[in-house]
Amino acid sequence: MADRTESSILIPAPPSEVIEVISDFDNYPAWADFKSVQILSENEGGWADEVEFSLEAGVVRDTYVLAYDWQITETGEGQVSWDLVRAGTLKAMTGSYALTAVDMEGAPDGIGTEVVYQLQVDVKIPMLGAMKRKAEKMIVDTALSSLSDRVLSRG
């Protein structure tokens with residue numbers, strides 16, 4: 001699982017607003033393709049430690065648990081990463097969002113956020129590497145677009 005997919009987006013909102021949406025798992029079903037999301041445990045800082053996702057996207061149905069690591073500053077910059085704990089169809093999943101404040105015209109106070117999303121996925125069913133990368137790219141691009149739309153709709 002050495003290959004990974006990476007993409008980025010500029011969001012005209014400060015990192016604190018972006019990380020607020022990323023960490024608000026209870027509202028993922030409203031803007032991301034999840035049937036349900038449940039926080040199973042939190043760390044001492046109040047960040048989600050393990051989260052269970054139920055996905056029903058067309059023929060793809062799965063329930064899986066991710067373990068999170070939050071390396072976020074008070075301003076919302078930094079990185080949140082995750083690893084697969086257990087799943088039905090997935091064999092492995094590792095990913096991260098890296099948030100960096102950037103000067104951005106049109107953003108509140110001139111501060112926007114560059115979000116870099118990395119994702120590696122492996123499934124239990126045989127699949128060509130090119131098909132996996134294409135699926136990852138679709139997931140990453142859709143997630144970044146949906147994240148941006150959600151952050152901007154809250155402002």
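S7 stands opposite Y117 in strand 7. Strands are DSSP runs of E with at least two residues, numbered from the N terminus. The model is predicted, so local features need pLDDT of at least 70 and side-chain atom pairs count only at pLDDT 80 or more, while totals for chains, interfaces and linings use all residues. Residues are numbered from 1 along each chain as its sequence is written, and side-chain values use heavy atoms, with hydrogens and water left out.

Strand 1 (residues 5-11) pairs with strand 7 in the antiparallel sense over seven bridges; pairing requires at least two DSSP bridges between two strands. Strand 6 (residues 90-103) also runs antiparallel to strand 7, joined by 13 bridges. Here L99 stands opposite V115. Of the 13 residues in strand 7 (residues 111-123), 10 are buried (under 20% relative accessible area; exposed is over 50%, partly exposed in between; 1.4 Å probe, protein chains only).

The structure holds 15 aromatic pairs. Rings of Phe, Tyr and Trp (its six-membered ring) pair if their centres lie within 6.5 Å; planes under 30 degrees apart are stacked, over 60 edge-to-face, the rest tilted. F53 and Y64 are stacked, at 5.4 Å centre to centre and 20° between the planes. F53 lies in strand 3 (residues 48-57) and Y64 in strand 4 (residues 60-72), 11 residues apart. F53 is buried at 1% relative accessibility. Y64 is buried at 7%. Ring pairs link both residues into a cluster that includes Y117.

S81, in strand 5 (residues 78-87), is buried at 18%. Beyond neighbours within four places in sequence, S81 contacts A67, Y68, D69, G95 and S96 (heavy atoms within 4.5 Å).

Key:
Helices (H or I, at least four residues) and strands (E, at least two) are DSSP runs, numbered from the N terminus.
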